[in-house]
Each structure stands twice: as structure tokens, then as C-alpha cells.
Amino acid sequence: MANSNTTQAIEKLAAEIGENIYIDVAKWHLYLSDAHLHTTVAEKVYPLIENEELNEDAIISILRQIKVSLGAGRIEVSLLDLLPMQCQVNLIDLLEDYQKNR
């Protein structure tokens, strides 16, 4: 049962991330849900939330580790490099709020 609860929590978090956080490509805003990256981010940050280890450095490290394939795989860029600074701040705020309200 706990696994089901965790899955639901990750899905809820992924939905929030996907609707609110975007990457910027040539001044186009591509929301993480449209880029199919929201679940990956949620799955990687959820253990930080669960263990109450959420902090900016850990989030930045995770974003740096997530690679986004561009040009049909010709190049990979870290998600951190594609997020505008304001989206990074918004993501951190979103995650902190999620942790407080869970």
C-alpha cells in the first residue's frame, strides 16, 4: 500500500512540475509535461522530499544530471542549462511548498 501512495504522490508532484516549469528553447517555452520530463524530475527529487533533505544544491545537482536529447540525439544538454533562472527558483519554491503541505 505504501508503494501505491508513493506512486500517487510522485504523479501529483510530476503534474505540478509539468504545468508550472518550462525549458526555454529559442525563446519558446516548452513546459516539462510537454517535453515528457516532469515525471523524471519528480522521481528524482521525491526521495529528497521524503527524507526531508530538500535543498537548493541537491536540486541543482539533480537538474544537472538529467540530460535532454536535442537534434534527434545529436547533442545532450543538462536540464539545468535549459531552465531559465526564474524557472529554477520557481521549481525550488514549488518543491518546498510541496514538502510543507504533504
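**View 1. Ala72 in the loop between S3 and S4.** Ala72 is exposed, with a relative accessible area of 86%, in this predicted model. The residue is found in the loop between strands S3 and S4, and Ala72 has a positive phi of about 55 degrees although it is not a glycine. As background to this value, most residues other than glycine have a negative phi.

**View 2. The hairpin formed by strands S3 and S4.** Strand S3, residues 67-70, pairs with strand S4, residues 75-78, in the antiparallel sense, and the pairing extends over four bridges. Within this pairing, Leu70 stands opposite Ile75 in S4. Four residues lie between the two strands of the hairpin, and in the turn Gly71 has a positive phi of about 60 degrees.

View 3. When residues up to four places away in sequence are not counted, Ser78 touches Leu63, Arg64, Ile66 and Lys67. Of the elements named in these legends, helix H3 spans residues 56-65 and strand S3 spans residues 67-70.

**View 4. The hairpin formed by strands S1 and S2.** Strand S1, residues 22-25, and strand S2, residues 28-31, run antiparallel and are joined by four bridges. Ile23 stands opposite Leu30 in S2. Two residues lie between the strands of this hairpin, and Ala26, in the turn, has a positive phi of about 50 degrees.

**View 5. Lys27 in the loop between S1 and S2.** The place of Lys27 is in the loop between S1 and S2, where the phi of Lys27 is near 65 degrees, a positive value in a residue other than glycine. With a relative accessible area of 77%, Lys27 is exposed, the cut-off for that class being over 50%.

**View 6. The packing of helix H2 against helix H3.** Helix H2 and helix H3, the latter made of residues 56-65, pack with their axes 10 Å apart and at an angle of about 160 degrees. This angle makes H2 roughly antiparallel to H3, because angles over 145 degrees are classed in that way. The crossing of H2 and H3 is right-handed. On the side of H2 the contact is made by Lys44, Val45 and Leu48, and on the side of H3 by Ala58, Ile59 and Ile62. By class, the residues of the contact between H2 and H3 divide into five nonpolar, no polar and one charged.

**View 7. The crossing of helix H2 with helix H5.** The axes of helix H2, residues 38-50, and helix H5, residues 85-101, come within 10 Å and cross at roughly 45 degrees, which makes H2 oblique to H5. The crossing of H2 and H5 is right-handed. Helix H2 contributes Val45, Tyr46, Leu48 and Ile49 to the contact, whereas helix H5 contributes Leu95, Tyr98 and Gln99. By class, the contact of H2 with H5 has six nonpolar residues, one polar residue and no charged residues. Val45 and Leu48 of H2 are among the residues that make the contact with H5, and Val45 and Leu48 are likewise among those that make the contact with H3.

Note on methods. Residues are numbered from 1 along each chain as its sequence is written. This is a predicted model: local features need pLDDT of at least 70, side-chain atom pairs count only at pLDDT 80 or more; totals for chains, interfaces and linings use all residues. Side-chain values use heavy atoms; hydrogens and water are left out. Two strands pair if DSSP finds at least two bridges between them. Axes are lines fitted to C-alpha atoms, for helices over the stretch in contact, and angles run from 0 to 180 degrees between N-to-C directions. Angles under 35 degrees count as roughly parallel, over 145 as roughly antiparallel, 65 to 115 as roughly perpendicular and the rest as oblique. A crossing is left-handed if the near helix is turned anticlockwise from the far one by less than a right angle, and right-handed if clockwise. Contact means heavy atoms within 4.5 Å. Ala, Val, Leu, Ile, Met, Phe, Trp, Tyr, Cys and Pro count as nonpolar, Asp, Glu, Lys and Arg as charged, and the others, Gly among them, as polar. Buried means under 20% relative accessible area, exposed over 50%, partly exposed in between (1.4 Å probe, protein chains only).
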